Amino acid sequence: MKTQRQAKIMEIIASQNIETQEQLLEALQRNGYQSTQATISRDIKELRIVKELTPMGSYRYTAAAAEKTGTFSSRLNTIFRECVTHYDYAQNLVVIKTMPGLANAAGAAIDAMNMSVILGTLAGDDTLFVVMRDTSAASAFCAEIKKLLE
């Protein structure tokens, strides 16, 4: 439950301007996650979520730039270990199957990596498409996923 809640938190802050823990708690509740402010506070610390200044002068929660281990950030490592059920590639497209509801979080984590070989991601409920620059990049990306899941 913790992993799913934290994945939902990452999805929420990636798609909404959340300024306070109370707003985050309300957004989680609207998505079916019952929690407390103390739990949200711990999640924010564990996920290394920080506040950033928006162009409008307000603040919002965002994922901090995480240190990378190899090709994947630690956040991506956790998401992949906990939720990926299958992956494969064809040409320059990588298809990643996840547990229900976690494809968006995986896509947000991949997007945050800002890798030049990744052109973009498209996520549904349990399927994530990653558009790679070319076939060799897709193959190398799948090899990294395989190492990660072993």
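Q: How far is the sulfur of C142 from the closest cysteine sulfur?
A: It is 15 Å from the sulfur of C83, too far for a bond. A disulfide here needs two cysteine sulfur atoms within 2.5 Å.

Q: How many disulfides does the structure hold?
A: The structure holds 0 disulfides. C83 is in none.

Q: Is C142 buried or exposed?
A: C142 is buried, at 7% relative accessible area. C83 is buried too, at 2%. Buried means under 20%, exposed over 50%, partly exposed in between (1.4 Å probe, protein chains only).

Q: What sort of model is this?
A: A predicted one: local features need pLDDT of at least 70, side-chain atom pairs count only at pLDDT 80 or more, and totals for chains, interfaces and linings use all residues. Residues are numbered from 1 along each chain as its sequence is written, and side-chain values use heavy atoms, with hydrogens and water left out.

Q: Switching to helices. At what angle do α1 and α2 pack?
A: About 115 degrees, with the axes of α1 (residues 2-15) and α2 10 Å apart. So α1 and α2 are roughly perpendicular (65 to 115 degrees). Helices are DSSP runs of H or I, at least four residues, numbered from the N terminus. Axes are lines fitted to C-alpha atoms over the stretch in contact, and angles run from 0 to 180 degrees between N-to-C directions.

Q: Which residues meet there?
A: R5, K8, I9, I12 and I13 of α1 meet L24, A27 and L28 of α2. Contact means heavy atoms within 4.5 Å.

Technical notes
Helix = DSSP H or I, 4+ residues; strand = E, 2+ residues; numbered from the N terminus. Parallel < 35°, antiparallel > 145°, perpendicular 65-115°, else oblique.
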